[in-house]
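Hello,

Here is the structure for you to look over. My notes follow below it.

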Amino acid sequence: MKPTASKEWQELINHFNEIQNFSLKDMFIENNMRANDFTFEQSGYYFDLSKNLITQNTIPLLIKLARELKLEHEIEDMFSGKKINQTENRSVLHTALRDVKSSEHIVDGQDILKNVNTEIQKMESFVQTVHKGDFKGYTGKNIKNVVNIGIGGSNLGPLMVYEALKHYSVENINVQFISNIDGTHFIETIKDLHPESTLFVICSKTFTTQETMVNAFTARKWVQDYFGSEQATKHHFVAVSTNIEKVMEFGIGRNNIFQFWDWVGGRYSLTSAIGLSLMIGLGIENFHLLRAGFHQMDQHFKSTDLEKNIPVLLGLLGVWYNNFFKVETHAIIPYDQYLKYLPGYLQQTDMESNGKSTDRNGEYVDYQTGPIVWGEPGTDGQHAFFQLIHQGTKKIPCDFIGFVNPLHELNHHHEILLANFFAQQEALAFGKSEAEVAKENIDSWLIPFRTFQGNNPSTCILGERLTPESLGVLIALYEHKVFVQGIIWNIFSFDQWGVELGKQLASRILAEIKNGVVNKAQHDNSTSNLLQYYLRKSKE
């Protein structure tokens with residue numbers, strides 16, 4: 001159903017027109033207990049939505065829209081294994097990857113949990129051989145360095161999680177990540193590694209992804225050149241793929257091939273065998289705690305009424321800003337250096353899922369869908385882009401993510417960090433009026449420059465401590481938030497056809513670069529000129 005055609009959408013338009021001049025400062029003055037009305041505790045997190053541009057009527061109206069668009073039914077369809085990824089005729093069952101409590105999950109006559117658990121047990125057995133030193137390199141050296149080669153979901157998720165949980169990492173194992181086809185990424189990653197103690201994990205569902213395979217073949221050459229033997233490959237490479245034949249052609253033994261399935265989307269795959277490098281680097285127990293955190297939020301999303309369902313509430317707030325306030329971006333600001341890659345990871349989760357302009361009926365939409373997601377850790381962001389959020393002309397909803405307890409002993413650092421965490425939310429919401437500035441006895445002409453309008457919305461997500469389990473909760477929260485928004489916008493969130501065209505054109509252009517001849521008939525004037533310039537200068 002087209003959301004804008006519903007009477008609930010019109011009711012939200014009317015509501016927006018009534019409150020568009022809403023003042024957070026006034027609302028907190030009128031109701032000094034406002035925060036209590038918009039605060040939730042769930043899965044070790046404290047969620048404060050009170051600094052959002054909403055009244056007591058906003059959430060009920062948004063939930064009314066969600067029910068009209070059958071959100072509860074859509075949630076049930078996803079968990080049950082219905083093929084909701086209709087353009088690829090696939091189920092969407094990443095939640096089964098972290099189902100740590102059910103005994104079975106039957107879809108199309110198959111128990112997919114049996115397959116999941118079998119593969120996880122295979123991962124565990126392999127990881128134990130690495131940790132114990134039973135899996136050795138070609139010359140009998142223990143593995144000390146693990147290099148994950150993948151791109152997109154085969155890189156962003158494992159990279160983000162490994163860096164986020166580095167505090168919990170296994171001693172004497174160092175995990176690195178190569179994704180970019182730019183040779184610089186490969187060279188800079190391996191320059192301090194030694195082939196004798198390095199294991200490469202090649203992650204590609206089809207084992208044909210260009211960036212991944214170019215890096216994989218370069219890694220294989222690096223290993224084989226050092227040892228002078230093709231036999232070294234099976235001692236220094238494992239793969240995560242569905243293409244068994246291609247992997248074995250590469251030189252990897254069948255026992256060192258780990259599988260996942262078509263019902264796992266790349267950006268939702270880090271708790272599948274794609275997380276093999278995580279299990280090696282963080283340990284088996286921590287990998288399972290991560291899965292348990294995912295499952296905890298999965299169950300909350302699946303079973304909780306919409307009115308208290310955190311992913312639903314955050315998803316609906318996103319629709320509220322995106323479609324009624326007409327904001328175009330959303331900032332993710334973690335006040336924890338370990339989460340430095342979280343904004344980039346959530347860019348893919350959100351923008352690859354909901355960056356669509358065609359609805360589920362194949363018609364172009366006439367309303368905004370997915371926002372531009374971006375961000376950096378605090379306090380670095382305060383000295384970079386916060387100026388625009390505080391005093392610029394754009395309204396940018398922000399998610400502030402922090403933790404009560406640090407993973408280090410520098411408590412005075414953490415107190416300053418959290419002081420900034422709380423202060424920025426307060427400053428964005430309430431600003432500083434001209435009258436307040438005037439009391440500081442500054443020259444009157446400076447008053448406009450030091451005035452902050454405030455009324456900038458933010459959501460506070462405050463956890464107890466960053467752990468494998470709490471990280472799993474956080475990631476699943478955003479996954480389900482994105483799903484909610486896709487349902488409201490009537491788009492398919494689990495395909496990504498938008499990445500295909502550039503790949504096709506790149507293959508054609510690569511042939512021209514290798515041949516040194518530009519086929520002008522295949523290109524516009526700009527592309528032809530660029531290619532000719534490149535070829536001319538590269539020869540010089």
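Two strands count as paired if DSSP finds at least two bridges between them. Helices (H or I, at least four residues) and strands (E, at least two) are DSSP runs, numbered from the N terminus.

This is a predicted model: local features need pLDDT of at least 70, side-chain atom pairs count only at pLDDT 80 or more, and totals for chains, interfaces and linings use all residues. Residues are numbered from 1 along each chain as its sequence is written, and side-chain values use heavy atoms, with hydrogens and water left out.

β1 pairs with β2 (residues 45-48) in the antiparallel sense, over 4 bridges. There, glutamine 42 has tyrosine 45 of β2 as its bridge partner.

Now β12 (residues 398-405). Of its 8 residues, 6 are buried, so β12 is largely enclosed by the rest of the structure. Buried means under 20% relative accessible area, exposed over 50%, and partly exposed in between (1.4 Å probe, protein chains only). β12 pairs in the parallel sense with β10 (residues 329-334), over 4 bridges. Proline 334 is bridged to isoleucine 401 in β12. Another 7 bridges join β12 to β13 (residues 458-465), again running parallel. Here the partner of cysteine 398 is serine 458 in β13.

**The parallel sheet**

A second open sheet has 5 strands, ordered β6-β5-β7-β8-β9, with parallel pairing. Its edge strands are β6 (174-178) and β9 (257-258), each pairing on one side only. β5 (residues 145-149) and β7 (residues 198-203) run parallel, joined by 5 bridges. Asparagine 148 stands opposite valine 201 in β7.

**Helix α5**

α5 spans residues 71-80, and its buried residues are Leu71, Glu74, Ile75, Asp77, Met78 and Phe79. They pack against α4 (58-68), α6 (94-97), α14 (284-303), α15 (310-325) and α20 (468-488). Contact means heavy atoms within 4.5 Å.

The axes of α5 and α14 come within 9 Å and cross at roughly 140 degrees. That makes α5 oblique to α14. Angles under 35 degrees count as roughly parallel, over 145 as roughly antiparallel, 65 to 115 as roughly perpendicular and the rest as oblique. Axes are lines fitted to C-alpha atoms, for helices over the stretch in contact, with angles from 0 to 180 degrees between N-to-C directions. Ile75, Met78 and Phe79 of α5 make the contact with Asp298, Phe301 and Lys302 of α14.

Just after α5, glycine 81 has a positive phi of about 100 degrees.

**Aromatic pairs**

The whole structure holds 33 aromatic pairs. Rings of Phe, Tyr and Trp (its six-membered ring) pair if their centres lie within 6.5 Å; planes under 30 degrees apart count as stacked, over 60 as edge-to-face and the rest as tilted.

The rings of phenylalanine 16 and phenylalanine 325 are edge-to-face, with centres 4.9 Å apart and planes at 85 degrees. Phenylalanine 16 lies in α1 (residues 7-19) and phenylalanine 325 in α15, so the pair ties together parts 309 residues apart in sequence. Both are buried.

Phenylalanine 200 and tryptophan 222 are also edge-to-face, at 5.9 Å and 90 degrees.

Best regards
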